[in-house]
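Please consider the structure shown below before reading the remarks that accompany it.

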Amino acid sequence: MTINTAFMIQTFLDVLAGIPVTLELTFITLLVSFPIAFFMALQKLEKKKFSGKIVSGYVSFIRGTPVVLQILFLYSLLPTILNYFIKEVLNLDVDIFALNPIIYAFVVFSLNTIAVLTEVFRSALLTVEHGQLEAALAIGLNKRQAYARIIIPQAVVFALPNLCNATINLMKSTSLAFMMTVKDITAIAKVNAAYGYNYIEAYLVISVLYIILCTVVQFGYGAVERYFSLYKRISTN
Amino acid sequence: MRPFHPAYIFEVLPQLFPYIGVTIAVTFGTVLGGGLIGLLLAAAKIKRGRIAKILVNTYVYLTRCIPSIVMLFIVYYGLPELLMVFGIDINNVHKAFFVITTFSILFAANMSEVFRSAYEAVDKGQREAAISIGMSEFQAFRRILLPQCTVYAIPNFANALVNLIKEGSLAYTIGLIDIMGKGQLIIGLNMGSYSLETYLSLFLLYWILTIISEKSLKLLEKRLLQGKKILHTAG
């Protein structure tokens, strides 16, 4: 077994160009999913009969089926639908097939992350005692204020560890974006590897890179968590 | 707009059915292999000293950070070369072997945490009480601790299992023909047409698989908890 170190160094340098794409995929997806997932969690919590059922069904479906399948399905469905919509309905002369495929990646990963975050938010909001909301409403805050000032700041502390998990899982699943021809870390490594059949070296390099990215994300969340749990330490002191 | 034939979703299902066995077999193999390694890792972390704990933690940390598809490729391309050094040729081994190995490595990390947290959830006094009435260490574990651990482990195990079934679908990328692989073959045979319908029937199969495994484990948990409730009301 021989390891081609020159190739590994070259791949490492090439793959660095994919880091912004991977990070972009992760964080823009999170940003898009955040408000929608929060809204959906509320639908489930407030026991709204119809919308709660729909949210439950959606979460169950997304969490019960593989991401690969979601990618393959949407990647073969979305472009044709978009094309039809723009050409036939809007009568615009835009070439859909020239669009950057990263857009489809955003859609797929957002649909997925929304389902995951809905559960994260729901369980976090459940940890805040119901009396807190009642007390806030009793002293004359409206519902939005009660959530923004009383409930959410407490729920955040419980949500952060799960949020960290969700972020890491999302970052890992963006490695599947190569199926949509997005040039992220994995895609670049794959192309490099195929050239001289140096698969082991290429994948070892990117696994190290993923470990580094993962560590950075965890440190980030650790810092945020320490900040938000400040009130707990102050109150116990 | 391409034509869409909902009827084809159900036409394709009978072709996929025979391959559910492969998907389930790979999942079972991984649960066995990964569960066993996970058990050893958890035991090492609980019983052995600081170094074992650091090693297990590192293992869990590293496997948690590596995407499963990258792991799959490393094992698929790397393991034969690695074993070749020791003179073992596994180039003609069935692809399921690589899939089970990969996912066992990943599943073991999950399971070690599941086992450890379940073990620690049981009150320490239980073991002490069992030993004080004359049970051996093994008897105390088998008769007192294990039944209680199992209940605590089930929800997390269910989660890990569902994830495993989902991630298992990546196996088609190295050419294993499970339901996902068969679906891709069917699409290939149809020259890419009916792809949406085929994917939809795959969605259906996976969804049913995960729901069944989730629900049956929940039922099991409920059954096991029944005894606990009776115990509480009696005490």
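This is a predicted model: local features need pLDDT of at least 70, side-chain atom pairs count only at pLDDT 80 or more; totals for chains, interfaces and linings use all residues.

1. Residues are numbered from 1 along each chain as its sequence is written, while chains are lettered from A and ligands numbered from 1 in the order in which they are written.

2. Chain B contains nine helices and zero strands (DSSP runs: helices are H or I, at least four residues; strands are E, at least two; both are numbered from the N terminus). Its C-alpha trace spans about 70 × 55 × 25 Å along the principal axes.

3. Of the 235 residues in chain B, 36% are buried (20 or more other C-beta atoms, placed from the backbone, lie within 10 Å of the residue's own).

4. The contact between the chains takes 27 residues from chain A and 29 residues from chain B (two residues are in contact if their C-beta atoms, placed from the backbone, lie within 7 Å). On the side of chain B that touches chain A, α4(B) supplies the largest share, 10 residues.

5. The largest nonpolar core has 86 residues (a nonpolar core is a set of buried Ala, Val, Leu, Ile, Met, Phe, Trp, Tyr and Cys residues joined through C-beta atoms within 7 Å). Helix α5 (residues 95-121) of chain B gives the largest share of this core, 13 residues.

6. Which residues touch the most other members of that core? They are A177(A), A189(A), I206(A) and V70(B). Leaving aside neighbours within four places in sequence, I206(A) is in contact with V15(A), I185(A), T186(A), A189(A) and V70(B).

Technical notes: A residue is buried if 20 or more other C-beta atoms lie within 10 Å of its own, exposed if 12 or fewer, and partly exposed in between; C-beta atoms are placed from the backbone.
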